[in-house]
Every structure is written in C-alpha cells, then in structure tokens.
Amino acid sequence: MLTAKIGEFAGVIWNALQGGALTLDALRKATKLKVADLNLGLGWLAREGKVEITKKGASTKVRLV
C-alpha cells in the first residue's frame, strides 16, 4: 500500500531533520530520496503539522516544529 511507503518516507525525513533545519537540496541529499518521494513525505509531515517550510529567495528550508 502506498500510504505505508509514504509514512516511511516521512520517517526518513523526520530523522534527517533531527539535527536542525535543512534546505530542500540538503534534505534530498541527506535522505537519498527521489524528489517525488521527498515531496510525498514532506506533504505527510506538513499535513500533520510536524514541519515548517519557509522560502527565502530561491532557498526553501524545512525544520521540525
């Protein structure tokens, strides 16, 4: 089931963000997730209110809330 897989992506992202905020590029490199999988996991975490996503100029950062 895809929902379980998306939950796994969210867990990988959650673990990577334990050290602090990361840009999307740094998060992708830290998690080794494909862009689509990263977006699915971020969507899951954002919907649950677990992450804050901010954009400044061309840079987008993600941090745990």
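This is a predicted model: local features need pLDDT of at least 70, side-chain atom pairs count only at pLDDT 80 or more; totals for chains, interfaces and linings use all residues.
Visitor: How many residues does helix α3 have, and how far does it reach?
Guide: Helix α3 covers residues 35-47, which is 13 residues, and spans 18 Å from its first C-alpha to its last. That is close to the 18 Å expected at 1.5 Å a residue.

Visitor: Which residues in α3 are buried?
Guide: Asp 37, Leu 38, Gly 41, Leu 42 and Leu 45 are buried. Viewed down the axis of α3, the buried residues fall within an arc of 130°, so they line one face of the helix.

Visitor: What covers them?
Guide: The cover over the buried residues of α3 includes α1 (2-16), α2 (24-31), β2 (51-56) and β3 (59-64).

Visitor: And what follows α3?
Guide: Gly 49 follows, with a positive phi near 75°.

Visitor: Switching topic: how many salt bridges?
Guide: The count comes to two. In one of them, Glu 8 pairs with Lys 5, with the closest N and O atoms 3.4 Å apart.

Visitor: Where do Glu 8 and Lys 5 lie?
Guide: Both are in helix α1, three residues apart, or about one turn of the helix. Glu 8 is partly exposed at 46% relative accessibility, and Lys 5 is partly exposed at 39%.

Visitor: Which side chains meet at 2.8 Å?
Guide: Those of Glu 52 and Arg 63, N to O, in a salt bridge. This pair links distant parts of the chain, eleven residues apart, with Glu 52 in strand β2 and Arg 63 in strand β3.

Visitor: What is the relative accessibility of Glu 52?
Guide: Glu 52 has 33% and counts as partly exposed. Arg 63 is also partly exposed, with a relative accessible area of 37%.

Note on methods
Residues are numbered from 1 along each chain as its sequence is written. Side-chain values use heavy atoms; hydrogens and water are left out. Helices (H or I, at least four residues) and strands (E, at least two) are DSSP runs, numbered from the N terminus. The expected span of a helix is 1.5 Å times one less than its number of residues. Buried means under 20% relative accessible area, exposed over 50%, partly exposed in between (1.4 Å probe, protein chains only). The arc is that of the directions from the helix axis to the C-beta atoms. Contact means heavy atoms within 4.5 Å. A salt bridge is a side-chain nitrogen of Lys or Arg within 4 Å of a carboxyl oxygen of Asp or Glu.
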